Amino acid sequence: MKSFAPGRVNLIGEHTDYNLGFVLPIAIDLGCEAIAEPSAVGRLTVHSRNRDETRSWDTATLAAAKPSGDWTDYVVGVARLIPGLHPIHLTVSSNVPTGAGLSSSAALEVSSALALGAGERGVELARLCRRAENEFAGVPCGIMDQYASVAGVAGAAILIDCRSLESRPVQLPPGVAIFAFNSMVKHDLGVSAYSERVRECAEASRFLGISSLRDATLAGAESIPDPTVRRRVRHIVTENQRVLDFVHACDRNDTPMLGDLFFASHHSMRDDYEISCPEIDFLVDTARQVPGIIGARMTGGGFGGCTVNLVEQSQAQQAAGTLRDLYHQKYGFHAEVYHVHPSAGARILG
Ligand code: GLA
């Protein structure tokens, strides 16, 4: 069995998924391919073409396997959840850059799950892969990445309600293109700061007497004594509203509003949620001056990775080049740019 699952770029709605709010990702035209072949030897063997590395586990004792703290956790985490897994030789290869906030791990989980024969589809498949990441890889993430990888729509973003787990396609105005700009930096804070944000939000929900920050209000946020937690809640409340406003602006083809919402989202991540970093702030501030760029913000978990830029289609190449030059002048990095297109979700290839 052969399968493919895409990475994603989140357009807007950051850190709202585990607060059961709204997100608006696109699945992208970069992804992971997984090929499963039967193996006679009672083992799950996984080969990564990217790393040229092969590892292997006894299928009979897979349930007791311990995480290795590397890429194999995403595969084994999923494999453990597939009842009666047969001995398989799995080959994976991906063109989603790692550590860039484009969900290389979700693409690996979802493509592996399909190739290994998981019976789940749609939201259930996304849930299974998220469980692998939460329980085995040890990242307390929400469902956005796996959902986008499973349920992406060609030509449209998807508005996901992370409480009901329903989604609907949302078209960007005609002539608006998207590029992700890889800052090439990933600050160490990553998983620990992510977990800290998850904890702060849970603490705030308890204080407010609600089951998730989906139901928080600005007035509620202002009643929180701890100024840090107060700011976290403010980000979640305003970010959820920005997602809905963004969708509304798409429906009205109000392109300037999309740009305003992108910048406002970034400022909220920078000041209230405190998950940005100087390189990313530079890229967002600089994007404002680049002709053709409509809006920019950090995308993904934070502390580096990519910005997502909305750009006039006719100026996309030039604008990305200008930004690359300015970034190189400032930090000396040769950044990678991905001109991405909203793409279909995971599929079995045969
Ligand atoms: C990571 C997580 C997602 C989501 C984003 C932030 O990508 O895996 O669940 O929380 O960060 O929006």
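Start by selecting residues 2-12 and 22-38: these are strands β1 and β2, which run antiparallel and are joined by 9 bridges. Strands here are DSSP runs of E, at least two residues, and helices are runs of H or I, at least four residues, all numbered from the N terminus. Two strands pair if DSSP finds at least two bridges between them. For one of the contacts along this pair, pick Asn-10 and its bridge partner in β2, Pro-25.

Before going on, a word on what's loaded: this is a predicted model, where local features need pLDDT of at least 70, side-chain atom pairs count only at pLDDT 80 or more, and totals for chains, interfaces and linings use all residues. Residues are numbered from 1 along each chain as its sequence is written, and side-chain values use heavy atoms, with hydrogens and water left out.

Stay on β2 and bring in its other partners. Residues 157-161 are strand β6, joined to β2 by 2 bridges and antiparallel; look for Val-23 opposite Ile-160 in β6. Pro-38 has Ile-88 as its bridge partner in β5. Is β2 enclosed or open to the outside? It is largely enclosed by the rest of the structure, because 12 of its 17 residues are buried (buried means under 20% relative accessible area, exposed over 50%, partly exposed in between, with a 1.4 Å probe and protein chains only).

Next stop, the open sheet of 4 strands, in the order β9-β10-β8-β11 with antiparallel pairing. Its edge strands are β9 (293-299) and β11 (336-340), each pairing on one side only. From one strand to the next, the twist averages 25°. Select 304-312 to get β10, which pairs with β9 in the antiparallel sense over 6 bridges. Met-298 has Thr-307 as its bridge partner in β10.

Now show helix α10, residues 316-331: this helix lies across β8 (176-186), β9, β10 and β11, running at about 20° to β8. Axes are lines fitted to C-alpha atoms, for helices over the stretch in contact, and angles run from 0 to 180 degrees between N-to-C directions.

Click Val-176, in strand β8. Val-176 counts as buried, at 12% relative accessibility. Leaving aside neighbours within four places in sequence, Val-176 is in contact (heavy atoms within 4.5 Å) with Thr-255, Ile-294, Leu-310 and Val-311.

Over to the largest pocket, with a volume of about 1,100 Å³. A pocket is an open set of points on a 1 Å grid over the protein atoms alone, where a 1.4 Å probe fits, with protein on both sides within 12 Å along at least five of seven lines; lining residues have an atom within 4 Å of a point. Grid points are joined across faces, edges and corners, and the volume is the space filled by probe spheres set on them. Which residues lie nearest its centre? Select Tyr-74, Gly-99, Ser-104, Ser-105 and Glu-133, out of 44 lining residues. The elements giving two or more residues to the lining are β5 (88-94), α2 (104-115), α4 (144-151) and α5 (190-208).

Asp-52, in the loop between β3 (43-48) and β4 (53-58), has a positive phi near 50° without being a glycine; Asp-52 is exposed, at 63% relative accessible area. Asn-253, in the loop between α7 (227-251) and α8 (255-271), has a positive phi of about 55° and is partly exposed, at 45%.
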